Structures are given as C-alpha cells and as structure tokens.
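Trainee: I would like to go through the labels used for this model. Please set each value against its definition.

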Amino acid sequence: MSTIQSIAGENEQHPDVALVERVRAGDVLAYDTLVRKYERQIFRIAQHITQNREDAEDVMQDAFLKAYEKLDQFQGNAKFYTWLVRIAVNESLMRLRKRRTGKMVSIDEDLETDEGTVPRDLADWAPNPEQNYNQSELGEILRKTIQGLPQGFRVVFALRDVEGLSTEETAETLGLSVPAVKSRLLRARLQLRERLSRYFKRKSGLAIPQEAGSALAPKKGD
Amino acid sequence: MTCTEFLALLDELIDDTVTTAMRADLQEHLRDCEHCEVTLNTTRKTIQIYRSHEIYDLPTDLRERLHAAIMERCKKGC
C-alpha cells in the first residue's frame, strides 16, 4: 500500500488563506498577489470554455472582479483557487449564452456521442511525436483537437488534466458528481488520444487514417 | 481481465490511484495485450503533451493590461 499516492498535506493551511484574510481586512495589494498568481489559469479555462479570445479576456476580468466583490462569501475551508474557478466557469457559460442570444448553455450538452468509449486507432505513436511539428503547428493541432470535443468533456479534461484540479475539485467546480467527472474524463482522454493518433502515429507506410467523424485532416499524411 | 475491464480502470492506472492488487492484475493483462499497452502509453502521452504545451497563452502585454484594469477597478471598490 505504500506506493499509493499520498494525499497528505490537504489539512495544512493554504497560503492563499492568509492573502484572502488580508484582502478582507482592506489590503488591496494582497489581492494583486492573488490575481497575478491565477490570472493565466483563469484565462486558459475561460478560453477552453468560450473558445473565443475576447470572451476569455472579459471573463477573466469579470471573474476576478466578482470574486473580489464576493470575497465575504468565500468559505475558508474551500480552496480559493477552486472557488475562483467556479466563478470563472459560470462567467464563461454566461458569456456563451449571450453569444447564443439567450439560449441556455450547460456543460451537459453534446454528450450523446459514443465516440471514445472504445479505442479504434491502435497504431503506436512515434517516440516523441510532437517533435515532428514546429511549435506553431503543434499548437494548432492541439487546439483543433481539443476544440472538437463536446464541451462537457473538454471542460473536465481542461480542469482535471491541464489545470491539475483533483477529481473532487473538478466535480465541485462544475456541480457534477464524482462518477460523472470520472466517466467524462475517461472519454475525453480516449477521444483526444484517438484524434491525436492521426498526427502522431508511427509512420509505417500503411498508416492511413480511417476513422470518421471529424473535420480534422492530418497535415502530414502518408 | 478483458480489454473492457482494463479500459474501465485506465484512468485509475494513469492517475496512480489503483491498489497494489489491482495494479498486478492490470500489469498481467498488459503483458499479453499490445492494444491495451498502446492505448495506455498513448493516452499518457496525450495528457503529458497537453500539460506541457500552453495552447492558450496569455501574452505578457495583454496580461499586464488586463491585470492593471482589474486592480484599478478593485481599488475603486469595483
């Protein structure tokens, strides 16, 4: 049992708690520290959900301002970052709703697909497949690929795997159950893996992409 | 263990939350199943690539501008 991942340290006081206390006592500079610490993550999360740069900029500002205004409602037993992410997720969904002229937007939409439950493309990847592309090509591949996921999978993957929230934190942030987060995470990971295989598979001369259903065309096919 | 059973535990294996006994079962399956080994390795790689490449970077000038705007409004009480 000694190799099982430790969760020790969860009960130690997080450094953010002291900063939050200082802000509550009127120290605006302490909030400057918190904003600087998390602004990039909040921007990324907003962009993952809205998929729009201008919206992400607005969401980032609105989320920090709302958090500042509502800091009295923050419960010290929750992590400030998780609380902040929850605000940013809600702001992002509101922003999407505005773009869709009032239509309800939830993280549950577009989940009826069975894609990703069973791996189809089982070709192995090249040893360091990302090295076959330059930085801008790779960025484009990774963006296109993750943007093709249903929103409810994309946001779970972004929070859990990209931003490093725990399964429980992701569930709390999105208002989902832990089993729902686990199920979406598995499908998100498998779908991304499947789609990236088109670009990263080992070149054998026979490796012609056959899976259907996506507009993603490999840039370097052979 | 079947491939379906292996897949159901893939996340636990990747996230290192399996028990020792479970890990032994998973490893035994991997010894005879190339497909699951490829799935495991490439899924791990998928996560690692997304973690190590910032696909939505916030350029420094934009970051500073947004940061200043946030703090300006906080100082005014929002």
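**Labels and their cut-offs**

Mentor: Asn52(A) has 16 other C-beta atoms within 10 Å, so Asn52(A) is called partly exposed. The label buried takes 20 or more other C-beta atoms within 10 Å, exposed takes 12 or fewer, and partly exposed lies in between, with C-beta atoms placed from the backbone. Asn52(A) is found in the loop between H2 and H3 of chain A. Helices are DSSP runs of H or I with at least four residues, strands are runs of E with at least two, and both are numbered from the N terminus.

Trainee: What kind of model is this, and how are residues and chains labelled?

Mentor: This is a predicted model: local features need pLDDT of at least 70, side-chain atom pairs count only at pLDDT 80 or more, and totals for chains, interfaces and linings use all residues. Residues are numbered from 1 along each chain as its sequence is written, while chains are lettered from A and ligands numbered from 1 in the order in which they are written.

Trainee: Why does Met60(A) count as buried?

Mentor: Met60(A) has 31 C-beta neighbours inside 10 Å, so Met60(A) counts as buried. Met60(A) sits in helix H3 of chain A.

Trainee: What is Met60(A) in contact with, leaving aside its neighbours within four places in sequence?

Mentor: The partners are Glu39(A), Ile42(A), Phe43(A), Ala46(A) and Leu66(B). Contact takes C-beta atoms, placed from the backbone, within 7 Å.

Trainee: How do you know that the buried residues of H5(A) are on the same side?

Mentor: In H5(A), the buried residues are Ile141(A), Leu142(A), Thr145(A) and Ile146(A). They cover an arc of only 115° around the axis, so they lie on the same side of H5(A). That arc is taken from the directions from the helix axis to the C-beta atoms. An α-helix has 3.6 residues a turn, so residues three or four places apart point the same way.

Trainee: What covers those buried residues of H5(A)?

Mentor: The cover includes helix H6 (151-162) and helix H8 (178-200) of chain A, together with helix H4 (34-52) of chain B.

Trainee: How many residues does each chain bring to the contact?

Mentor: Chain A brings 42 residues and chain B brings 31 residues. H2(A) gives the most to the side of chain A that touches chain B, with 11 residues.

How values were computed: Contact = placed C-beta atoms within 7 Å.
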